[in-house]
Amino acid sequence: MIHTLSATGLALVKKFEGFQAEPTPLVEGGWLVGYGHVRLAKQGRALTRPQASEMLALDLAAFERLVNTRVTAPIKQSQFDALVSFAFSIGEAAFVQSQVLARVNQKHPIAAACALDAWRKAEINGALETIPALVRRRAAEKALFLRDLPPEPAPSALIRAKLDHAASLLAPSAPRADVAIAPSPSPARRLTEILKSEPATALFLTQVAPAPAPKQDELTTAHAAPVARKLEPRAPSFKPRGFDTHLAAENFGLAALMLFGLGLISIGASIVFASRGDGVSLLAGSAVLTPGLAAALMAGWGLRRAPAPVRARA
């Protein structure tokens, strides 16, 4: 089915593009005028709103064809309007490679709507910064994209929302001045929070190093490799000189944690380097790199502070 932009979609584009009557020079060349139109040949004269609307309609026609051509799954009019606005905002090349288009064609509209949130930064003076206007535009496009989907009730008492650590990384890097800033958590505390929210990761971490079965008079603690602690003094045993069972077990656990962290860092780095600038892939790689780096730092710090082996008395 071939779609055309509706009045709702056109109003959304006009609202966020803004009207510029007088041509304004751009740093990369050309002049901005009307509703996001760029003149390349010459500056030209000022535009009235009706003239700017006609020019915008011509500019949007190319993006209507783009969405109609690239989207292979059936979509609703509201979704088409949101996608045209999104494509006009980020450009044809970025839209074709975006996870938004990929998820739409995979018939995962919720995932596609969430992927819109990744496109809220722009380059300012050579650095990527979160732009409030883009945050609001993505929110409006997301709401329009989801508007005509069947509603699904989610009682709060039954489905209690939890923090999505991956989505929390999308928070702006420069918080508002009137909002109290909490101190940054230490790597150890951050790793603990991630493991609490992701039981599968915690289970994998505890299975990295096989632990010996605890004896009846020993208490096992929850580390990467369980450390046996005596509850009562035992009869002296014959052990080789220079061998400390507790220290060896703890160092073994720290070494296992270090290997686990390095493995996560390797996986996260491979995702980042293979992302080719894709925002969602970069986010996924960062979500893997963070616990890996924290685990490696914790293991390195523990090994560094480990006391030297003490010779046991005969």
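Why are arginine 138 and glutamate 141 separated by about one helical turn? The two residues are three positions apart in helix 7, and therefore about one helical turn lies between them. Helices here are DSSP runs of H or I with at least four residues, and strands are runs of E with at least two, both numbered from the N terminus.

This is a predicted model, in which local features need pLDDT of at least 70 and side-chain atom pairs count only at pLDDT 80 or more, whereas totals for chains, interfaces and linings use all residues. Residues are numbered from 1 along each chain as its sequence is written, and side-chain values use heavy atoms, with hydrogens and water left out.

The protein has twelve helices and seven strands, and 27% of its 314 residues count as buried (under 20% relative accessible area, with exposed meaning over 50% and partly exposed in between, for a 1.4 Å probe and protein chains only).

The side chains of arginine 138 and glutamate 141 form a salt bridge at 2.8 Å, N to O, the term requiring a side-chain nitrogen of Lys or Arg within 4 Å of a carboxyl oxygen of Asp or Glu. Glutamate 141 also meets arginine 137 in a salt bridge of 3.1 Å, N to O, and arginine 137 in turn meets glutamate 17 at 2.8 Å, N to O. Because arginine 137 lies in helix 7 and glutamate 17 in helix 1, this last pair ties together parts that are 120 residues apart in sequence. Within it, arginine 137 is buried at 4% relative accessibility and glutamate 141 at 0%, while glutamate 17 is partly exposed at 25%.

Not counting residues up to four places away in sequence, phenylalanine 95 touches, among others, Leu66, Leu83, Phe86 and Leu101, where contact means heavy atoms within 4.5 Å.

Elsewhere, three strands form an open sheet in the order 1-2-3 with antiparallel pairing, a pair being two strands with at least two DSSP bridges between them. Strand 1 (20-25) and strand 3 (37-39) each have a single partner strand, so one side of each lacks a neighbour in the sheet.
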